[in-house]
Amino acid sequence: MGKAKEERVICSGCGVSIQTEDPKQLGYTPSAALEREVVICQRCFKLKHYNEVQDVSLTDDDFLKILNEIGSRDALIVKLVDIFDFDGSWLPGLHRFAGKNKVLLVGNKVDLLPKSVKRNKLTNWMKERSKEYGLKAEEVHLMSAATGEGVIETANLIEEHRKGRDVYVVGSTNVGKSTFINRLLKEFGADDEFMITTSNIPGTTLDMIDVPLDDGSSLYDTPGIINHHQMAHLLDKKELKVISPKKEIKPKVFQLGDGQTLFLGGLARVDFVQGSDMSFVCYVSNDLNIHRTKLEKADELYEKHLGELLTPPFKKNKDDFPEFTAREWKLQNEKQDIVISGLGWITVHGKGAFVKTYAPKGVHVTIRPSIF
């Protein structure tokens, strides 16, 4: 009973508790690694040095526990969203978990959007959209954790609003939280060994990681909350690389007449069922192959060429991939976006189009007024 409690060692890469007993469980590291100044678990080590990914066992309940904890603290919340996938990366109900804490809304990956996009129009759209979701953000800001654009301004905003309190950075998986915090650490002179493990695989951060701030409070990187309706959770590492944009999107324009179909790789399909000729502008990763065909040939093409002409997925057997769910839409506005969560969107120019969308079961497809 009188034995002193051992100090908990935390992985500096993903925040999980370190243990040396069971290699199959989270947080394992060999005993010898405990001697190092910066301790990371074996999973982070493999991810950092060999880009090798091991499965993790966090549940939705783990995330809820963390969110509840944030609500009970007096802190500033920085909510990161992916501008390229705003609705897909939104955390529903965050305003309920936030308690009385203020929320800064930061749109990441601004470097992916075409340069012609007006920034103030985008921040106004984000304000309106977040209000519709029930969140009144203190401020809305745009940045790119990957290129560093707007990061120092974000850091200044955080400093201005936190008033000596802790800061929690929250967001869905793959939104760029750890990349953002690493960029901050770099700007303030930290060595590489203190960097947090990042990858384009959802769910790299497993537990809260705290970065000490100079006034004794902390900046916390929280685990990415899994939005199961995003495309990323259906794909492997190679497929994710294709659909995750790495540089400025080059919109692809298709002039379609009714009775034509667009395949976004083998991951989604849009049929132009009825309407006068109009343009369909695709905002997706430059690496994603878009194939146009006649509607009457679309089913046969999918059956024959999934995993070949239509990739990703790179699986030849369509039974390895969730079945498609079809939805029908009547587009009433002059310009509307068909948004496929985690893949991108298609802006349809022209009123009165009747379209049908197909996406893997569980992946959200939504319609919104065009944001550009």
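In the predicted model, strand β8 (residues 260-264) is joined to β11 by five bridges, and the two strands run antiparallel. Within this pairing, Leu264 has Ile290 of β11 as its bridge partner. Both strands belong to an open sheet of five strands, paired in the antiparallel sense and arranged in the order β11-β8-β9-β15-β12. Because β11 (290-294) and β12 (324-331) stand at the edges with a single partner strand each, one side of each is left without a neighbour in the sheet. Neighbouring strands of this sheet are turned against each other by 20 degrees on average, direction ignored. Helix α8 (residues 295-305) packs on the sheet, where contacts are made with β8, β9 (268-274), β11 and β12, and the direction of the helix makes about 125 degrees with that of β11.

Five bridges connect β7 with strand β10 (residues 278-284) in the antiparallel sense, and Leu256 finds its bridge partner in Met278 of β10.

Aromatic side chains form nine pairs in the structure. The ring centres of Phe86 and Trp125 lie 5.0 Å apart with their planes at 65 degrees, and the pair is therefore classed as edge-to-face. This pair links distant parts of the chain, since Phe86 is located in the loop between β1 (75-82) and α3 (94-97) whereas Trp125 lies in helix α4 (residues 119-132), the two being 39 residues apart. Phe86 counts as buried at 2% relative accessibility, and Trp125 likewise counts as buried at 17%. Together with Trp90 and Tyr133, Phe86 and Trp125 form one aromatic cluster.

The aromatic pair of Phe272 and Phe280 is tilted, with a centre-to-centre distance of 5.2 Å and 50 degrees between the planes. Phe272 is buried at 0% relative accessibility, and Phe280 is buried with a relative accessible area of 0%.

Charged side chains are also placed over aromatic rings: Lys238 lies over the face of Phe314 at 4.5 Å from the ring centre, and Arg368 lies over the face of Trp345 at 4.9 Å from the ring centre.

Note on methods
Residues are numbered from 1 along each chain as its sequence is written. This is a predicted model: local features need pLDDT of at least 70, side-chain atom pairs count only at pLDDT 80 or more; totals for chains, interfaces and linings use all residues. Side-chain values use heavy atoms; hydrogens and water are left out. Two strands pair if DSSP finds at least two bridges between them. Helices (H or I, at least four residues) and strands (E, at least two) are DSSP runs, numbered from the N terminus. Axes are lines fitted to C-alpha atoms, for helices over the stretch in contact, and angles run from 0 to 180 degrees between N-to-C directions. Contact means heavy atoms within 4.5 Å. Rings of Phe, Tyr and Trp (its six-membered ring) pair if their centres lie within 6.5 Å; planes under 30 degrees apart count as stacked, over 60 as edge-to-face and the rest as tilted. Buried means under 20% relative accessible area, exposed over 50%, partly exposed in between (1.4 Å probe, protein chains only). A charge sits over a ring if NZ of Lys or CZ of Arg is within 6 Å of the ring centre and within 35 degrees of the ring normal.
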